[in-house]
Amino acid sequence: MPKERSVKKSRQHVEVQKQGIQFNRGLGQHILKNPLVVKSLIEKAALRPTDVVLEVGPGTGNMTVKLLEGVKKVIACEVDPRLAAELQKRVQGTAMQPKLHLIVGDVLKSDLPFFDVCVANLPYQISSPFVFKLLLHRPFFRCAVLMFQREFAQRLVAQPGDKLYCRLSVNTQLLARVDHLMKVGKNNFRPPPKVESSVVRIEPRNPPPPVNFQEWDGLLRILFVRKNKTLGASFRQSNILEMLEKNYRIHCSIKNIPLPEKFDMKTMVLEILAQNDFAEKRARSMDIDDFLSLLHSFNSSGIHFT
């Protein structure tokens with residue numbers, strides 16, 4: 001009879017299983033079990049002894065305890081009270097206990113305190129809203145090293161012309177420098193997710209670009225609904241023209257600008273596109289400077305997207 005291969009489990013996971021804690025896939029609970037990957041994440045964050053670190057989704061604390069060994073303080077945000085209690089128990093009575101600040105709740109609904117660096121194996125379903133919560137957080141943090149689903153990570157770093165280039169790519173790269181650091185296989189997690197993962201470093205641009213983000217995102221929403229269409233075709237849609245005309249009339253009313261008798265929003269929009277050589281361009285191949293130039297052209301003519 002061939003010998004059965006023994007499955008090695010970390011001491012902490014054995015303890016968790018003894019206590020009957022089941023990981024909830026619905027909450028994105030895929031615990032990072034490989035200590036080499038944990039070590040690599042922490043190294044790539046280039047932490048300092050004086051740093052305050054934000055960790056989201058600490059789970060059973062495999063990465064938390066390693067972070068606590070080298071920094072001033074760790075703020076751990078955990079939505080599952082069972083795992084939060086397990087983490088609290090893990091550091092109880094040790095020198096690490098006073099350095100851990102545990103927040104039990106949804107990180108998207110929580111007010112984040114000051115932190116220097118964010119290091120996290122994120123629940124993948126909150127990836128997009130959490131990235132923008134981070135990038136709009138003040139005061140500025142130094143960097144974030146985050147684990148994402150592979151395709152999401154590829155979207156973050158995608159360049160003009162790439163298949164995965166999208167509104168997420170442009171918005172993130174407007175506000176931050178983004179680098180893909182490494183790939184992480186699904187077998188490094190317990191339970192293993194259905195998808196492969198990647199680690200990304202995000203470094204916010206400080207100072208941020210001088211642009212109204214709501215205006216900017218309003219423009220991108222229009223262009224990336226059909227990123228392969230020409231801009232001339234995208235701006236011919238009646239619902240978009242109605243929205244722009246409504247905003248333009250409000251702008252004229254506030255600025256006391258009289259509207260011409262035969263005012264036509266479609267003609268005005270297409271003229272702006274033609275004058276700036278944008279009519280035949282497509283969102284899929286435009287870079288951040290192109291989008292900034294387009295937004296400026298519209299705004300300087302009184303056309304707004306919020």
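User: Which side chain of opposite charge is nearest to D116, and how far away is it?

Analyst: This is a predicted model, in which local features need pLDDT of at least 70, side-chain atom pairs count only at pLDDT 80 or more, and totals for chains, interfaces and linings use all residues. Residues are numbered from 1 along each chain as its sequence is written, and side-chain values use heavy atoms, with hydrogens and water left out. D116 is buried (under 20% relative accessible area, 1.4 Å probe, protein chains only), yet D116 has no salt bridge (a side-chain nitrogen of Lys or Arg within 4 Å of a carboxyl oxygen of Asp or Glu). The nearest side chain of opposite charge is R142, at 4.7 Å.

User: Which backbone nitrogen does the side chain of D116 reach?

Analyst: D116 sits in the loop between β4 (100–104) and β5 (117–121); strands are DSSP runs of E, at least two residues, numbered from the N terminus. Leaving out residues up to four places away in sequence, D116 touches T50, D51, V52, F141, R142 and C143 (heavy atoms within 4.5 Å). At 2.7 Å, the side chain of D116 reaches the backbone nitrogen of V52.

User: What percentage of the residues of the chain count as buried?

Analyst: The chain has twelve helices and nine strands, where helices are DSSP runs of H or I, at least four residues. Among contacts between residues at least 6 apart in sequence, 70% join residues at least 24 apart. Of the 306 residues, the buried share is 48%.

Methods:
Buried means under 20% relative accessible area, exposed over 50%, partly exposed in between (1.4 Å probe, protein chains only). Lys and Arg count as positive and Asp and Glu as negative; His and the chain ends are not counted. A polar contact is a pair of N or O atoms within 3.5 Å; within protein, one must be able to donate a hydrogen and the other to accept it, and residues adjacent in sequence count only if both atoms are side-chain atoms.
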